[in-house]
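Let's take a look at this structure together.

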Amino acid sequence: MIYLLRSPATSEQVVIESGKLQARRERFMNLAVPVRLGELAESLALATMAPDHPQYTKILGRFLSETISCIDWTLAEVDPEVQSELAELRSQLSEWLRDLQAIVDDPLKRALVVAALKDWSQKILDRSGLASYDDWQVEFDYPPGIRASAEVLV
Amino acid sequence: MIHLLETTPSPHQLAEMLEELEDYVKLAVDIEREVAAGGGALHADCEAVLLGDGSEQEDIWGADWIPAVREVRYESFINIRPRQNNPAMTILDPDIRDRVEAIVRKLFEAE
């Protein structure tokens, strides 16, 4: 979550957000690496959503910052080639985050960023390899633990 | 919080579903049973709720509902189903997409 702060963040806001981020990190780290890359690709695709939303600046900013967190949680566990691409993507997302308001205010800049986000989304999805499996959900036990639970019930 | 939706969520349930992401709700939609699970941070968690409720995986598709602009989105990597001829994150089959949209709008537009 990104707060528009006109006054210092309350301690409650800080605690809630750090708690949410920690919980999300734990869920994310339980996923197989290809599935994490799938989550990343999804997050990049969703970053192009709702340009007419009254809170669009906040939404885009949150997607960019959350995707950066997901990259940080994944970077150490991918092969060097993907690592290099993720590092490049992270750098690009950070730059967009810094220029967020200028991007939102300028239709041309915004269109370029949206196009780049779509390209990155497809690139990361390709890197995940998920589409090459007939049934990647079985291959990577996704959603986590569902099949194990079903076996116990049987 | 994730809710299993067979009927329109109450304002309180909707607020709970929006707790995590604020501006939109992640959804897993069962197009055969015409139910959905929504909320939380990952489509996986919604999908797990439906599977636990008896849904078949091939009937479940990922979507998002953005209340402020009343928009349904179809990008989710749970939609990657090569053996169901859907190798992309978005739902390629217009019939399936229409069914997902109809279920989502029926559930949320009466709110």
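Start with chain A: helix 2 of chain A and helix 6 of chain A cross in a left-handed way. Keep in mind that this is a predicted model. Two packed helices are described by the angle between their axes and the distance between the axes. Here, helix 2 (residues 33-46) of chain A and helix 6 (residues 107-128) of chain A have axes that come within 8 Å and cross at roughly 165°. An angle over 145 degrees counts as roughly antiparallel, so helix 2 of chain A is roughly antiparallel to helix 6 of chain A.

## Who touches whom

Which residues make the contact? On helix 2 of chain A, they are A:Pro34, A:Leu37, A:Gly38, A:Leu40, A:Ala41, A:Leu44 and A:Ala45. On helix 6 of chain A, look for A:Leu117, A:Trp120, A:Ser121, A:Ile124, A:Leu125, A:Arg127 and A:Ser128. Sort the residues of this contact between helix 2 and helix 6 of chain A by type, and you get ten nonpolar, three polar and one charged.

## Over to chain B

Chain B has three helices and five strands, and along the sequence they follow the pattern β-α-β-β-α-β-β-α. The radius of gyration of chain B is 13 Å, close to the 13 Å from the globule rule for 111 residues, so chain B is as compact as a globular protein of that length.

The C-alpha trace of chain B spans about 40 × 30 × 20 Å along its principal axes. How much of chain B is buried? Buried residues make up 57% of its 111 residues. Now take the contacts in chain B between residues at least 6 apart in sequence: 50% of them join residues at least 24 apart.

Methods. Residues numbered from 1 in each chain as written. Chains lettered and ligands numbered in written order. Predicted model: local features only at pLDDT ≥ 70, side-chain atom pairs only at ≥ 80, totals over all residues. Heavy atoms only, no water. Axes fitted to C-alpha atoms, helices over the stretch in contact; angles between N-to-C directions. Helix = DSSP H or I, 4+ residues; strand = E, 2+ residues; numbered from the N terminus. Parallel < 35°, antiparallel > 145°, perpendicular 65-115°, else oblique. Left-handed = near helix turned anticlockwise from the far one by under 90°. Contact = heavy atoms within 4.5 Å. Nonpolar A, V, L, I, M, F, W, Y, C, P; charged D, E, K, R; others polar. Rg over C-alpha atoms; globule rule 2.2 N^0.38 Å. Buried < 20%, exposed > 50% of the residue type's maximum accessible area, 1.4 Å probe, protein only.
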